Amino acid sequence: MTDQELRYQPGTYQVEAAGHNSALPMEVELSEDRIERIEVDASSESKGIANPVFVKVPADIIEGQTLNVDAVSGATVSSQGIIDGVAEAVRQAGADPEVLKARPKVQHQAAEALEETTDVLVIGGGGAGLAAAASAIQAGKQVIVLDKFPAIGGNTVRTGGPMNAADPDWQNQFAALPGEGHTLEEIAATPEAEIDDEYLEDFRELRQQIQDYLEANEEGEAYLFDSVLLHRIQTYLGGKREDLSGNRVYGNYDLVKTLTDNVLDSVNWLTELGVDFDRDHVDMPVGAMWRRGHKPRSDEGYAYVHALESFIEKEGGSIYTEADVTELIQDDQGQVVGAKGTYQGAAMRIEAQALVLATGGFGANTPMLQEYNTYWERIDDDVKTSNSPAITGDGIRLGQAVGADLVDMGMIQMLPTCDPETGALFTGLQVPPANFLMVNQEGQRFVNEFGTRDEISAAAIANGGLFYLIADERIKATAYNTSQEKIDQQVADGTLYKADTVADLARQIDMDPEQLEETVKKYNSYVEAGEDPDFNKGAFDLKVEEAPFYATPRKPAIHHTMGGLRINSQAQVLDADGQAIPGLYAAGEVAGGIHAGNRLGGNSLADIFTFGRIAGQEASQS
């Protein structure tokens, strides 16, 4: 069949496109001989993750009347989903989509070489880079942001949104959960011999705070306790680990103190820039160890990116996408004075007075993970990741090339609650850890669901990897980053299981019904008692008792790399002698030294916005 013979039955065809979270409705309007319109309903999709796809791919298809179009970098699945959806519409219209796939690609005009001079150059358009850019602009500097992908946002748009910051005046308005008092008692009972010298004075002061709180709440209804010191000590203890060789790591005190002292200011700063935080709820992501999460009222991680991007553009900052930096420029004295690479395929050179690296870690670079790993017995070639495909260690390599030192590179975090097939975060029912009931493939609990991410991941791997989050109708109401439409679609797709009884739910997931019923019964008794003799769960909220019941399959996936460029508390990048490399700063996951062996859930956003702000401020003084 030739192009001249290709004819469609005119009409508007309802098809579907694969999205990041689930299938997305799509309309394709065809005339007799043309594809006229392609519209994707992305209302159920996480904002920011695939936004360029829904514009660029349909535009290329319509411009060239071809299905031979390039996928948008970093969003291959969504790109192919649109192509497949249009192909299905063409089939329904009585034509052969293979003809369209054989047509030539649209040839876009090559970009011109990009040469600019600025005060502060930021490499990386995720949360850390945007925070650095915004704070530099507030300091009166001209700023350019470069991102190698077609859209900014990095991993920030993939987050659930909770940002850890101790804010007792706010948190004290909420009631304590059963088990939280016991958790505080355990922290206070930690032997001083187990506390490293730098943290000992803070630990002693925290212990007194806890004792005062517990004594004051021996009678009556307790409120949710928190303090900057509790956040600091939990960050320290949560990251204190040994690698496979027995080497002990824990967070650099100056960095952890800087984080916990300044993160509430970061929340207030983001609020001033337009992030609307939900003050009616206090959140806690998996592995956070405590309820101190400040979360945007809507749009999760995209809310941060949107507010910062809007401010940067309003104040005259420049953001270039598809700008891939391959080399940092140094002058004769070794000061970093810019970067060069390619911009949309053309040459690029940006000169600057100071440069901030904010390119993220290397969680989407499996060979690099395998090269540096010193924490897990192995990292398989086919390991899934929750990371954006952009997170490949670029900034670490750029820093190394100008003499930067590295720290904690072998400490790699898996997130236990990921989609088994894709590594995505927001499929199924993701609920607060106080409502987690995790069961292995035999229907038995296997871990403290309130534990750290590495503890839960290790336990899951020891139990075969795959496990299930069990929920009921009331627990479903506490789920975040979802909607009833998404839930119904996932049940229909067979990626989320739903039943009117626990026994029927067990049968759907090939478990012994009596075993799962016994597990749920025992767990409910622990919720009622506020105490878990089996796994010492840190806090409880709801029982699993109101039909319908749900099972979400989960499996650990690579989530965060704790190691990176060594920095000081001013976000300056250090060389092997501990000296600052002039003109070079780093913030976010590209930098190491804070989280050590394990990052607390909710501390990533705390880190990127706090050190992003600091990096922008300090770079402005170069």
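Two residue pairs, both at pLDDT 80 or more, are in polar contact between domain 2 and domain 3. The structure is a predicted model. Across the same interface of domain 2 and domain 3, zero salt bridges are found. The domain assignment divides the protein chain into domain 1 (11–102), domain 2 (114–161 + 283–324 + 331–389 + 582–620) and domain 3 (421–556). Domain 2 and domain 3 each put 19 residues into their contact.

The C-alpha centres of domain 2 and domain 3 are 33 Å apart. The size of an interface is often given as the accessible area lost when the parts come together. For domain 2 and domain 3 the buried area is about 1,600 Å², and carbon and sulfur atoms give 60% of that area. On the domain 2 side, Met284, Val286 and Trp376 supply 32% of the area buried against domain 3, which is more than any other three residues.

Helix 4 spans residues 127–138 and has 12 residues. From the first C-alpha to the last, helix 4 reaches 16 Å, close to the 16 Å expected at 1.5 Å a residue. The buried residues of helix 4 include Gly127, Gly129, Leu130, Ser135 and Ile137. Several alanines are also among them, namely Ala128, Ala131, Ala132, Ala133, Ala134 and Ala136. Gly140, which follows helix 4, has a positive phi near 90 degrees.

Positive phi values also occur at residues other than glycine. Asp408 has a phi near 60 degrees and is placed in the loop between strand 14 (406–407) and strand 15 (412–418). Asp408 counts as buried because its relative accessibility is 16%, under the 20% cut-off. Ala571, likewise not a glycine, has a positive phi of about 65 degrees. The loop that holds Ala571 runs between strand 20 (564–566) and strand 21 (572–574). With a relative accessibility of 0%, Ala571 also counts as buried.

A cis peptide bond is present between Ala547 and Pro548, with omega about 0 degrees. Pro548 belongs to the loop between helix 17 (513–529) and strand 19 (549–561).

Terms used
Residues numbered from 1 in each chain as written. Predicted model: local features only at pLDDT ≥ 70, side-chain atom pairs only at ≥ 80, totals over all residues. Heavy atoms only, no water. Helix = DSSP H or I, 4+ residues; strand = E, 2+ residues; numbered from the N terminus. Buried < 20%, exposed > 50% of the residue type's maximum accessible area, 1.4 Å probe, protein only. Expected span 1.5 Å × (residues − 1). Domains from an automatic or database assignment. Contact = heavy atoms within 4.5 Å. Buried area = accessible area lost by both parts, 1.4 Å probe. Salt bridge = Lys/Arg side-chain N within 4 Å of Asp/Glu carboxyl O. Polar contact = N/O pair within 3.5 Å; in protein donor to acceptor, adjacent residues only side chain to side chain.
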